[in-house]
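Please keep the sequence and the coordinates open while reading.

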Amino acid sequence: MTELVVNEIFHSIQGESSHTGRPCVFVRLTYCNLRCAWCDTAYAFEEGRRMSVAGILSAVRSFPCGLVEVTGGEPLMQDGVNDLFEALCDGGYEVLVETSGSLDIGGIDRRVKRIVDFKCPGSGMVKKNLWSNVGALTQQDEVKFVILDKGDFDWAVERVREHGIDKRCTVLMSVVFGQLEPIELARWMLEEGINARFQLQAHKYIWEPAARGV
Ligand code: SF4
């Protein structure tokens, strides 16, 4: 029986991606191979408890919701995550995964919509990006850049154009909460004419920005 280390499972409003606003069950898995300077989920680096895939599915089923996001931490760090994806998809759920883009996404169940969070220089983790992941992206996937400053924005625009990411899937751009004013990013996107979607982390406006389990 496959087991995973789970940080938390909760029901909330999806705050990011083109699925923003939809009720969603979040399965947050423990561990991360990165240490982004502005990380807002450092509590997921170590905290967690072992749960079987069946136990996770049972917890997910306790909520009246057909959309599930597997997130972290870095969810792809645990080998058993593919068994979880398969069980959720077989169970009829629409499944999203949010991953940093530093690990291979090619082995993920094809039914799962992949949100790949490539890291900008301001995160301190830019060297960890695995650009071969771009070749695996399909129209149902999304790529996100979290922008700290103008340097990050210019870098992200270059990467989008260099790799043709906007031709493969939706590109999302978001600010580092509390460190870049959203109006700045909005202005840069309009000036640049970048083919990307502006987003805010909606959950940080609905609930307290530092609240967990929302
Ligand atoms: S990849 Fe995500 S969880 Fe890991 S350090 Fe970066 S922001 Fe935090």
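Around the ligand stand Cys-32, Leu-34, Arg-35, Cys-36, Cys-39, Thr-41, Ala-44, Gly-72, Gly-73, Glu-74 and Ser-100; a residue is near a molecule if its C-beta atom, placed from the backbone, lies within 6 Å of it. The model is a predicted one, in which local features need pLDDT of at least 70 and side-chain atom pairs count only at pLDDT 80 or more, while totals for chains, interfaces and linings use all residues. Residue numbers start from 1 along each chain as its sequence is written.

Sorted by class, the ligand shell holds five nonpolar, four polar and two charged residues. Here Ala, Val, Leu, Ile, Met, Phe, Trp, Tyr, Cys and Pro count as nonpolar, Asp, Glu, Lys and Arg as charged, and the others, Gly among them, as polar.

**Overall fold**

The chain contains six helices and nine strands, which are DSSP runs numbered from the N terminus (helices: H or I, at least four residues; strands: E, at least two). Its radius of gyration is 16 Å, close to the 17 Å that the globule rule gives for 214 residues, so the chain is as compact as a globular protein of that length. The radius is taken over C-alpha atoms, and the rule is 2.2 Å times the number of residues to the power 0.38. The C-alpha trace spans about 50 × 35 × 30 Å along its principal axes.

Of the 214 residues, 39% are buried. A residue is buried if 20 or more other C-beta atoms lie within 10 Å of its own, exposed if 12 or fewer, and partly exposed in between, with C-beta atoms placed from the backbone. Among contacts between residues at least 6 apart in sequence, 72% join residues at least 24 apart; a contact requires C-beta atoms, placed from the backbone, within 7 Å.

**Cores**

A nonpolar core is a set of buried Ala, Val, Leu, Ile, Met, Phe, Trp, Tyr and Cys residues joined through C-beta atoms within 7 Å. The largest has 47 residues, of which Val-27, Val-68, Val-70, Val-95, Ile-147, Ala-156 and Met-173 touch the most other members. Strand 2 (residues 23–29) gives the most to this core, with five residues. Another core lies apart from it and has five residues, including Cys-32, Leu-34, Cys-36 and Ala-44.

Leaving aside neighbours within four places in sequence, Met-173 is in contact with Phe-145, Ile-147, Ala-156, Leu-185, Met-189, Ala-196 and Phe-198.

Strand 8 (residues 170–175) has five of its six residues buried. Two strands pair if DSSP finds at least two bridges between them. The pairings of strand 8 are listed below.

| Pair | Sense | Bridges | One bridge |
|---|---|---|---|
| Strand 7 (residues 142–147) and strand 8 | parallel | six bridges | Val-146 with Ser-174 |
| Strand 8 and strand 9 (residues 197–199) | parallel | three bridges | Ser-174 with Gln-199 |

**Backbone details**

The peptide bond from Gly-72 to Gly-73 is cis, with omega near 10°. Gly-73 sits in the loop between strand 4 (67–71) and helix 2 (81–90).

Two residues other than glycine need a look. Ser-17 has a positive phi of about 75° and belongs to the loop between strand 1 (3–13) and strand 2. Ser-17 counts as buried because it has 20 C-beta neighbours inside 10 Å. Tyr-31 has a positive phi of about 90° and is placed in the loop between strand 2 and strand 3 (49–52). With 18 C-beta neighbours inside 10 Å, Tyr-31 counts as partly exposed.

Technical notes. Contact = placed C-beta atoms within 7 Å.
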